[in-house]
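Please consult the sequence and the structure shown here while reading.

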Amino acid sequence: MARGIAAAWAGGHIRRIGRTDPPDRPARPPRPVLRPPREMPKRRPTAAGRAALLHAVAHIELNAIDLAADIIARFSDPDRAGVDLPAAFFADWLQVADDEARHFEMVSARLKDYGCAYGDLPAHDGLWQAATDTRGDLVARLAIVPMVFEARGLDVTPPMIAALRRAGDDASADVLQTILDDEIGHVAAGHRWFLYACDRRGLPPVDTWQALARRHAPGAVKPPFNADARAAAGMGPELYLPLADRTPPG
Ligand SMILES: [Fe+2]
Ligand SMILES: [Fe+2]
């Protein structure tokens, strides 16, 4: 559906952005069973461990489709958004939704090679919390979802790619490399619209982002950072390094 809507937009078949009030939680398939993050099985360097890794990535991609759809639907209401959003805003997040759906498809294809499908393993239920916490505030949503969590994906994906290559699964490593390259664009879009919204509201971007990240995602901004990928997305170290410095003052 995400890919179909993105294609309809690209083909000029959607001409108007309406207003809607999306549900607080998206619909979910009956499986996977959702569990608290601490109850997730440990991933080991075996074929079963790699299948579990790919399953976890598929779950993240499914949530990412919903997060892109949610930012479009939720902030289609200018009163809720608090700023006038041009069509380019909605076009960017439709592109993200399309990418996330493509990622889900690519990872699902790799899972199939392991004799596994999305839903076969449990998945963790922490991913929607950030959306719930920021549902009333566009600036906070942009600060947390793309600029904390998708940026964290840039940091953690290269070691996963390396582990897959060491295990000889180049096909999965290539899929994660494509995802990593695309995710730079998602962080960049988040950063760009965050700056736009801050500018319209007269907020200082660096202080605002740091305060929102501390409040909604404590501990989620931590090294090691993929400084090159973050820089390619427009996020310089002056933005995130102060949050990673755990040295007590004085
Ligand atoms: Fe993705
Ligand atoms: Fe993404």
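The model is predicted: local features need pLDDT of at least 70 and side-chain atom pairs count only at pLDDT 80 or more, while totals for chains, interfaces and linings use all residues. Residues are numbered from 1 along each chain as its sequence is written, and chains are lettered from A and ligands numbered from 1 in the order in which they are written.

D84 belongs to the loop between α3 (78–81) and α4; helices here are DSSP runs of H or I with at least four residues, numbered from the N terminus. Although D84 and R200 are 116 residues apart along the chain, their C-alpha atoms are separated by 8.5 Å. P223 is located in the loop between α8 and α9 (227–232), and it counts as exposed because it has 11 C-beta neighbours inside 10 Å.

## Packing of α7 against its partners

Helices α6 and α7 pack at an angle of about 160 degrees, with their axes 8 Å apart; axes are lines fitted to C-alpha atoms over the stretch in contact, and angles run from 0 to 180 degrees between N-to-C directions. The two helices α6 and α7 are therefore roughly antiparallel, a term for angles over 145 degrees, whereas 65 to 115 counts as roughly perpendicular, under 35 as roughly parallel and the rest as oblique.

Helix α7 (residues 170–201) also packs against α8 (residues 205–216), at about 110 degrees and with the axes 10 Å apart. The pair α7 and α8 is therefore roughly perpendicular. In this contact, F194, L195 and C198 of α7 meet P205, T208 and W209 of α8; contact requires C-beta atoms, placed from the backbone, within 7 Å.

## The nonpolar core

The largest nonpolar core has 68 residues, and those with the most contacts inside it are A68, A97, A143, I144 and M147. Such a core is a set of buried Ala, Val, Leu, Ile, Met, Phe, Trp, Tyr and Cys residues joined through C-beta atoms within 7 Å. Helix α2 gives the most to this core, with 15 residues.

Beyond its neighbours within four places in sequence, M147 is in contact with L142, V187, G190, H191, F194, W209 and M235.

Technical notes
Two residues are in contact if their C-beta atoms, placed from the backbone, lie within 7 Å. A residue is buried if 20 or more other C-beta atoms lie within 10 Å of its own, exposed if 12 or fewer, and partly exposed in between; C-beta atoms are placed from the backbone.
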